[in-house]
Amino acid sequence: MNTQTMSNIDWLQKWYLSFCDGDWEHQYGVKIETYDNPGWSLEIDLCETPYRDTPFIEKKREGENDWIFCRKKEHLFKGSGGAQNLDEMIGIFRTWIEAASEETIPAATVKPRRLVELMPEYHPPLAGRTALRLDFNENTFAPSPRVIERIHKATSEDLTKYPEREPIERIAAAHFGLAPDQVLLTNGVDEAIHLLCATFLEPDDAALITTPTFFMYDVGVQLMTPHLIRVQADETLAFPLERFLAAITPKTKLIMVASPNNPTGGIVSREHLLAIAAAAPHAVLFVDEAYFHFHGESTLADIPNIPNLIVGRTFSKAYGLANLRLGMLAGNAELLRYVRKVSSPYNVNGIALECLPVALEDDAYVTWYADQIASGRERMAAGLRELGVGFFPSHANFILMKIGPLHAELCAAMRAHGVLLRDRSTDPGCDGYVRITIGIEDHVTRGLEALKLSLSEIGWTPST
Ligand code: PMP
């Protein structure tokens, strides 16, 4: 877009909106303030955003409001540049940003598919995660030591060779009591969701989910069809079974249910999941069991009897392998044959594939980690009760806490104490909710201590 004819203030607004949608404003505390009087200043505080290294105004100098302080990659730009008013100051900033931006590169005229233009973007706050990570529901400790050993043994051939998925799928299938053609390994469950949507959804088909839930369902579905039906939970946040069943129509082609659910930690019982599968024989029911190890109930054993059931498992959580990107789809062999067609034969890297049998063999490790989570979850729940913090009863490795209007302040205070939380306030029906991951014993202790301090620092009380 040609922005040359825009006024400075319009340009600033467009620039700001180009990467600061309301969601980020919420999660990262992005703010822009302009004052005309007394004096004038402009402050854009993006220090906690993933855009740390892009050009931006960092801060106004303490106690002064007549100049701007910008950071462009490693170079600092300070001062008002001789500007006499706010408009001139923005103008200087604009020249600065435009010189560093891609505005000088001819704009592309090629458009993506319309649904790609319209689909939502998912930007988990990945930047600056050097503190105790209680924000992404990862394993907070380590994978099995056997996996680390295997990685250390990686050879040149392990890297030069294209990965071979099939032998490892046989091993995984045997481990889970399935036939090899009932298993497809994927690049995390994230990829599995994309593959399911690409395989089964025509533009006229509808997909059904409940909200709040994992956001990648939105992304995957809306890439294929505009017909995403969301059944919103009521204020209890429990799974709305009756309304969910009633939302199934002849157009429903894909149903995605996470149990335990993210971000609530709530579950849908096996009996209810089978009722959903039976109510929609013309649709694929994807049961996302990413958090299975922290709950224990599964529909995996129902695969031989339920022809429209596909179960998802991840190795990112209990197994501690989020960075290897390993997930699994298990289900009806005929349905999976179609999904396999859509998948790249090399979707999972060879190092991850080599590590999987080793990780699966070390059952004792996964059992130990799941036990840590079960006792840590109890301890965190007791701590929250003591503090008077409301929360949703969780069956996963996290707890969704009801903080209320001080949710962003709590996340900022916890960060200052070296603990990351995930503000879920922008999730549908989750205003004021913050999620905390449960880790190993020591991490729960640190999380709880920081929580006590932070709640008191921000002046939180059960009635705020
Ligand atoms: N499903 C749910 C419900 C999740 O919460 C997550 C991770 N946040 C995933 C799937 C994605 O897992 P993976 O790391 O295997 O892509």
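1. Some terms come before the helix packing. Angles under 35 degrees count as roughly parallel, over 145 as roughly antiparallel, 65 to 115 as roughly perpendicular and the rest as oblique. Axes are lines fitted to C-alpha atoms, for helices over the stretch in contact, and angles run from 0 to 180 degrees between N-to-C directions. Helices (H or I, at least four residues) and strands (E, at least two) are DSSP runs, numbered from the N terminus.

2. The model is a predicted one, in which local features need pLDDT of at least 70 and side-chain atom pairs count only at pLDDT 80 or more, while totals for chains, interfaces and linings use all residues. Residue numbers start from 1 along each chain as its sequence is written.

3. The protein chain contains 16 helices and 18 strands. Of its 464 residues, 39% count as buried (20 or more other C-beta atoms within 10 Å of the residue's own; exposed means 12 or fewer, partly exposed in between, with C-beta atoms placed from the backbone). Among contacts in the chain with a separation of 6 or more, 69% are between residues 24 or more positions apart; a contact requires C-beta atoms, placed from the backbone, within 7 Å.

4. How do α8 and α12 pack? Helix α8 (residues 188–200) and helix α12 (residues 333–342) have axes 9 Å apart and meet at an angle of about 105°. The two helices, α8 and α12, are therefore roughly perpendicular to each other. From α8, Leu195, Leu196, Ala198 and Thr199 meet Tyr338, Val339 and Val342 of α12. By class, this contact of α8 with α12 has six nonpolar residues, one polar and no charged ones. Here Ala, Val, Leu, Ile, Met, Phe, Trp, Tyr, Cys and Pro count as nonpolar, Asp, Glu, Lys and Arg as charged, and the others, Gly among them, as polar.

5. Helix α8 also matters for the description of the ligand shell: three residues, the largest share, come from α8. The shell holds 13 residues, of which Gly188, Asp190, Asn262, Thr314 and Ser316 come nearest; a residue is near a molecule if its C-beta atom, placed from the backbone, lies within 6 Å of it. Five residues of the shell are nonpolar, six polar and two charged.

6. Phe200 is located in α8. With 20 other C-beta atoms within 10 Å, Phe200 is buried. Not counting residues up to four places away in sequence, Phe200 touches Lys253, Leu254 and Val284. Phe200 and Ala283 lie 83 residues apart in sequence, yet their C-alpha atoms are 8.9 Å apart in space.

7. Seven strands form an open sheet with mixed pairing, in the order β7-β13-β12-β11-β10-β8-β9; strands pair if DSSP finds at least two bridges between them. At the edges stand β7 (183–186) and β9 (228–232), each with a single partner strand, so one side of each has no neighbour in the sheet. From one strand to the next, the twist averages 20°.

8. Within this sheet, all five residues of strand β11 (residues 284–288) are buried. Val284, Phe286 and Asp288 lie on one side of β11, and Leu285 and Val287 on the other. Strand β10 (residues 252–258) pairs with β11 in the parallel sense over five bridges, and Met256 has Phe286 as its bridge partner. Strand β12 (residues 309–314) runs parallel to β11, joined by four bridges; Val287 stands opposite Val311.

9. A further open sheet has four strands in the order β14-β15-β18-β17, with antiparallel pairing. Strands β15 (residues 398–402) and β18 (residues 433–437) are joined by five bridges, and the bridge partner of Lys402 is Tyr433. Helix α14 (residues 363–387) packs on the sheet, touching β14, β15 and β18, and its direction makes about 10° with that of β15.

10. Some backbone features deserve a check. Most residues other than glycine have a negative phi, and most peptide bonds are trans. The bond from Thr211 to Pro212 is cis, with omega near 0°, and a cis bond also joins Asn262 and Pro263, with omega about 20°. Leu237 has a positive phi near 70° and counts as buried, with 24 C-beta neighbours inside 10 Å. Arg325 has a positive phi of about 60° and is partly exposed, with 19 C-beta neighbours inside 10 Å.

Key:
Two residues are in contact if their C-beta atoms, placed from the backbone, lie within 7 Å.
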